[in-house]
Structure formats: C-alpha cells, structure tokens
Amino acid sequence: MTPKTHLDDLHLLIKLLPPELQTSLALQPKGDLLEIILDLGRVPQARYPDAALNLSSRPVTRKDLDTVIGAVGEFGADNRAGIEGTLHRISAIRNRRSQIIGLTLRVGRAVYGTIDLIRDIVESGKNILLLGRPGVGKTTKLREVARVLADDFGKRVIVIDTSNEIGGDGDVPHPAIGSARRMMVAHPDRQHAVMIEAVENHMPEVIIVDEIGTATEAMAARTIAERGVQLIGTAHGNILENLVLNPTLSDLVGGVQTVTLSDEEARLRGTQKTVNERKAPPTFDIVVEITARDEVIVHPDTAQAVDAILSGVQPKGVRRGGASPVQAPMPPAESELANETVKDVLFIRSERQSPVRIYAYALSRDSVERVIRDLQLKARTVKYPDQADLIVTLRSREDDASLQRIAQAAHVPVFSVKKNTTAQIRQLLRGLFHIVPGDKQDEIGEMVRETERAVQQVKAEGVVAELAPRSAALRQMQHRIVTRHGLIAESIGSEPNRHLVIYPM
C-alpha cells in the first residue's frame, strides 16, 4: 500500500493568518508544510522538513498575533488550541506576564498507509513504544494505528488524547482514527488518571497514548500492560538509549538498578563489583525508533536490547524503510536463531564480555552453578527466564505447559537432562560449550571460526572449501555447523590428516 496524504483542510489553518501572510503562503508549496511560526518582532516563517522560508520582510506585530488568537479562541492549560474538525494545532509562547508573544501553527495530517513498515508489529498484539524527534511523524502513525486496529481488525480501541492532537479538536473525533473511541484529558496532569479510567470503565482491547512523559504516566502504562490490554504509545526520547538513561521514564523499558556483586560473580562476569542491571520486565515488548518518515529501527525484544545497553554493547535494531515501504516479518531474536543450533553458537557467545545466562527450571540452580565453577565456564545462572540465553530443565518436565509459555515469552531454547545430578548437567554443558576431552579450548574456538569463514565463502562464491585436519570430535562439531547453514560436507583422508570438505548446494 502506497502512503496517501490527506491534507485535512489546510485552508482552514491558513485562514487564521493575516491577509498579507495568506497571500504570501499561497505562493509557497503546501504538500510538505510542517508549521508556520509567528514570533513577535521577527519575520514570519513557513517551515518544511529541510528548509524554512520567510513569508514576509515585515516583522510580526501584536496585531498579527491578536488576529490569530481571536480566530482560535481559548488556549488550554498546555498552551495549545485547535480548529474544530481538523488535526491542526496552535501552540502559544508566553512572557512572564502570561501574554502570548509567539505562536506555532502546526499542520496536522492523516497519512494513510504510514504504518506499512510496522504493520506486522502492530498486528502482533504486543505493547509497542514509538520514539523519535519532534516532527518525524510519531503522532501521525498513532492515528493510523488507531484506525487500522479499530476498523480493519474490529478491536475496541481507546485513544487517550491529552491535547486533542490525535483525534483533532472538537467533541467529535476526526475520521483519521476510524471507529476508535477518544477520551479527552482536561489537564495534562490528569493523563495518567484518564489512562486508568479508560481500562476500568470502558473495557478496551487497545489503548493508544501520546507523549508519556512523567513517572505517574509510566506507572499507569505498566498497570495497563499488566491487565492484558495492548498498549501503543510514544515517549520523550529519540532513541532507546535516551529512555534507559532517563530516570523518570526508564521504567517503560524495565528500569535500571545498581547491583553489588560478590567477588566470585564479578570475576565470572569480568566486570567491576557495582554494575547496572535491568530491574523488571519492560512495559513495552517492542521499541520502534522513527528515524525518518519512511524509515524506522525496530528493537523486537526490548529486554534484550536494554540488557545490551547496560552491558555497554550497542543494541542491534532491525532497520526498515526505503523508497518503497514493504511489510516484512519481524526477524527472530538472537536467542531464537540459536534455538536449533545453540551448540554451535554458544561458544562464540561465551567469548563476549558478558557470560552466557542460564535459567534452571525444575532443576537445582546450585548444581548448575557448581558445574559452571568446576568447568570454569564463562556463564552464570539467573533468577528470571526473561534474563536468560537458554533454559535447562529435566526431561520429564520438558513438555510442561508453563515451561513452554516461559520459553516462548522469553524467546529462549530449552535443553534437558535425564536426572537432576551434577554428572548429567556437566555432560550437557560440556556439549553446549564445545568442551571436548583431549582438545584445547583455544583449538575449538579456532575450529569454529575457521568453519564459519569457510561456510560463508562457499555460500558467497559457490566454491568447494577444504578445512584443516581435526580430531573426530571436532569434525563432528564442524558437520553440525555446516548442516545448520544448509550445506553438505564429508570427511576425507585418513588419520591424522582426515579433514572436512564443504560443497555448495
């Protein structure tokens, strides 16, 4: 679907201006017009995404401002006003005596098809947080989200409209939000209360809220999410790192707490004793950074992205966008990619700064920690499955419904042992971390890297690749890596020069 812009009666906004400015603006392009700036004593400007054009050489006078103010009417507590039946917004700047000395006339548009880049995410039912700089299109996308979920999917959608910016000015919501219902907010300080009221009184399936900016609103958002209502909103911040570092809003993505580690734990992690960790599961499952009107960066697993930031690692968001927006499925999280082949991936992960995190389900956590210490693995156990890279459990409990829900929610693979003994756990972890008796760990690491490089060469160039001679146990690992990439390999030669040959498909 190609985005189609509906200009929403732009002439009604222009009609507010003094006649001279109306004439001047008529000569300028209107399709990409963002806002009109009227500041007392300065020349008026029309602002576009990449330029600002002067509408007159004559500075704005008090009379010019009074003309617009008289046509608009009363401004609310947030210094905003609107035009009934439109999405336009007029914001005031006041001096110390509360007199208006500047006006921003913001053009409001409904852009149909603007969420094509993230439509699959919206349809997933997960809680979504949109981030981006002012003017990049966050509110426009929220309107389209409301319309799509209400009209195309028949869901009970309620828009919390603090400044009448999403649903437009007036008692009747603008058609841009479709059949979604709109709850107005009398004062900005009441937004959190109206959010809770919407859940308690009107049984919504989806709540949409713009500009979550206070601790009480962040708390209300968590309450809504915990009641099983899909929450879609925006927050103050351009990128995910802004939110993590914001003490007021960090709770939206799980919050941050300072933890003092024991000497042993600090040694296992390879960090100092005092570290920052995520405090709780995030309110929003997915974070979307809007970098441009037709480009976004999606963090499909907020918990994983926040943990990466707190570990000093750049989170790997998925960039979507371009000249022709396409509806691409959400890529799986890193742990999902490792689900079937974690035996070939974990060793590489163990070379990170952070250790591999293991959650013990119906299994002795002390036993797992004892094996980790005995084998000197770069790993640690965690208390909660959403913090884990993998789950270890008993084979008899592998089919537990609760375990399946936990694994699915946390997007982590599950491995099992027959009995709850250190011997069984040791055997499992030896395989997961490529610990093979008689082989040095540095040789295993070299083998994995060599095999991965050869696989990439075969796939890219379509050539046959021969690997260095390895022991039988290491060749077995190489076969697994090759099979994971959909290629064919065979062992040729005789000991001690027996080695793998990889063939293209």
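**Close-up 1: Glutamine 230 in strand E13.** Glutamine 230 sits in strand E13, which covers residues 230-235 (strands, E, at least two residues, and helices, H or I, at least four, are DSSP runs numbered from the N terminus). The model is predicted, so local features need pLDDT of at least 70 and side-chain atom pairs count only at pLDDT 80 or more, while totals for chains, interfaces and linings use all residues. Residues are numbered from 1 along each chain as its sequence is written, and side-chain values use heavy atoms, leaving out hydrogens and water. With a relative accessible area of 4%, glutamine 230 is buried (under 20%; exposed is over 50%, partly exposed in between, with a 1.4 Å probe and protein chains only). Leaving aside residues up to four places away in sequence, glutamine 230 touches several others, among them Val122, Lys126, Leu149 and Glu205 (contact means heavy atoms within 4.5 Å).

Close-up 2: Helix H17 takes in residues 472-484. Its buried residues are Leu474, Arg475, Met477, Gln478, Ile481 and Val482. Looking down the axis of H17, these buried residues fall within an arc of 155 degrees, so they line one face of the helix (the arc is that of the directions from the helix axis to the C-beta atoms). Ala472, Gln476 and Thr483 are exposed on the other side of H17.

Note on methods. The expected span of a helix is 1.5 Å times one less than its number of residues.
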